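Please keep the sequence and the coordinates at hand while reading.

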Amino acid sequence: MAEDSDLERTEEPSARRLEEARNKGQIPRSHELTTFATLMAGMMMVFMQGPAIYQMLLQVMRRTFSFNRQQLQEPQLLLELFIELTRTALFALTPVLAATTLAAILTPLMIGGWLFTFETLSPNFGRMNPASGIARMFSTRSVVEMIKTILKSALIGGVATFVLWKEKEQFIALITMPPDTGFLYLWEMIRFTLLSVVGAMAVIVLIDVPFQLWDYYKGLRMTKEEVRQEAKESEGDPQVKGRIRQLQREAARKRMMAEIPKADVVVTNPTHYAVALRYTENMRAPQVVAKGAFLLAERIIDIARDNKVAVIRTPPFARALYHHAELGAEIPAALYTAAAEVLAYIYQLKLYHRYGGVEPTLNDSLPVPVELDPEAAAPPEQP
């Protein structure tokens, strides 16, 4: 990755980017923390189970160097003794091995949490590119890891060397000590050495864990363009969303136009608004099946006339329906009386056309509440 590109990555990684990295197996890990926790667990278990381990290993040592003539003459007996002593030694060390294994498994969860994925096992032919491999060898991360390894080895090795050098005379004197005394003294030396090494590891962990977290989040930083692009992908491209809304409106309009031939009447303003109503016996109130203004109103009127649906001029009623009745819903209760008069007029009109007689007339002033008619409710203009 180019330096210029790194300099441009100033934005913190988003939750989506962190989730994608996690799905790819990229999570923060500190090998130094795992090593430290493993040593700590082993040391604690050794301190807790030290006397028992000491007694069992002492028994193994005594039986190892004491055998009889029969065992020398029969190699099978020596093999059985070796198996028995090995089993005893492993049993003595089982608590230590169990504690260190558990620490090695659970410690990584403290930083990156639990992760189970096959993504890292999938083949990545990009890593086989020699140029990429050489670039990784001389990358900043590789240099930092090399320096960290050198410093870690120097620190731990220096502490261990200092302790052993300080105790060199006592260490040499172990040869002349009786086994029981020698083991006790050796145990004290091992315990002091472990404490010193673990203390040195604690210093390394305090430096490495914050560095690993900082390096992980730094590697996932985003440019401003990536942030904008991700936001656009999450929320949707405005152009695409606009196109989807347009298609939805067109589909809704087509469905609405298909319902007009089923309407009983279309009330108009006459040119500004048009609302188509339908009523059947199983309905509680008339239902608005189509409505529109201006060009759409003209289209509704044309379709209604083409399908022999009655079109009547009722400006206040049409305005009230257009502004206060939802498409596909029943009309407001305040307009029930006006709607009943209109539907009664349509029914009488059908009878007139079928059987003749006196032509019905519609009440010019339908009972439309003033507050539902925008024009009637508008305050008069000041002179």
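## Basis of the model

The model is predicted: local features need pLDDT of at least 70 and side-chain atom pairs count only at pLDDT 80 or more, whereas totals for chains, interfaces and linings use all residues. Residues are numbered from 1 along each chain as its sequence is written, and side-chain values use heavy atoms, with hydrogens and water left out.

## Overall fold

The protein has 15 helices and four strands. Both are DSSP runs numbered from the N terminus, helices being H or I runs of at least four residues and strands being E runs of at least two. Of the contacts in the protein with a separation of 6 or more, 73% are between residues 24 or more positions apart; contact means heavy atoms within 4.5 Å.

Buried residues make up 30% of the 383 residues. Buried denotes under 20% relative accessible area, exposed over 50%, and partly exposed the range in between (1.4 Å probe, protein chains only). The protein exposes about 25,700 Å², of which carbon and sulfur atoms supply 62%; accessible areas come from the Shrake-Rupley method with a 1.4 Å probe, and for residues only the protein chains shown count as cover.

## Salt bridges

The structure holds seven salt bridges, each defined as a side-chain nitrogen of Lys or Arg within 4 Å of a carboxyl oxygen of Asp or Glu. One of them joins R319 and D373, with an N to O distance of 2.7 Å. This pair links distant parts of the chain, 54 residues apart: R319 lies in helix 13 (residues 315–324), and D373 in the loop between helix 14 (336–355) and helix 15 (374–377). R319 counts as buried because its relative accessibility is 9%, and D373 is likewise buried because its relative accessible area is 4%. Elsewhere, salt bridges that share partners join E259, K262 and R278 into one network.

With a relative accessible area of 18%, R278 is buried, while E259, at 24%, counts as partly exposed.

## A buried aspartate without a salt bridge

D264 is located in the loop between helix 11 (238–259) and strand 1 (265–268). D264 is buried yet has no salt bridge; the nearest side chain of opposite charge, K350, is 4.5 Å away. For charge, Lys and Arg count as positive and Asp and Glu as negative, with His and the chain ends not counted.

## Surface patch and loop proline

V143, M146, I147, I150 and L151 make a nonpolar surface patch of about 470 Å². Patches consist of residues with over 30% relative accessible area and no salt bridge, like charges being joined within 9 Å and nonpolar side chains (Val, Leu, Ile, Met, Phe, Trp, Tyr) within 5 Å. I150 lies in helix 7 (residues 140–166) and counts as exposed because its relative accessibility is 52%.

P369 is placed in the loop between helix 14 and helix 15. Apart from neighbours within four places in sequence, P369 is in contact with A334 and L335. P369 and L335 are 34 residues apart in sequence and 7.7 Å apart in space, C-alpha to C-alpha.
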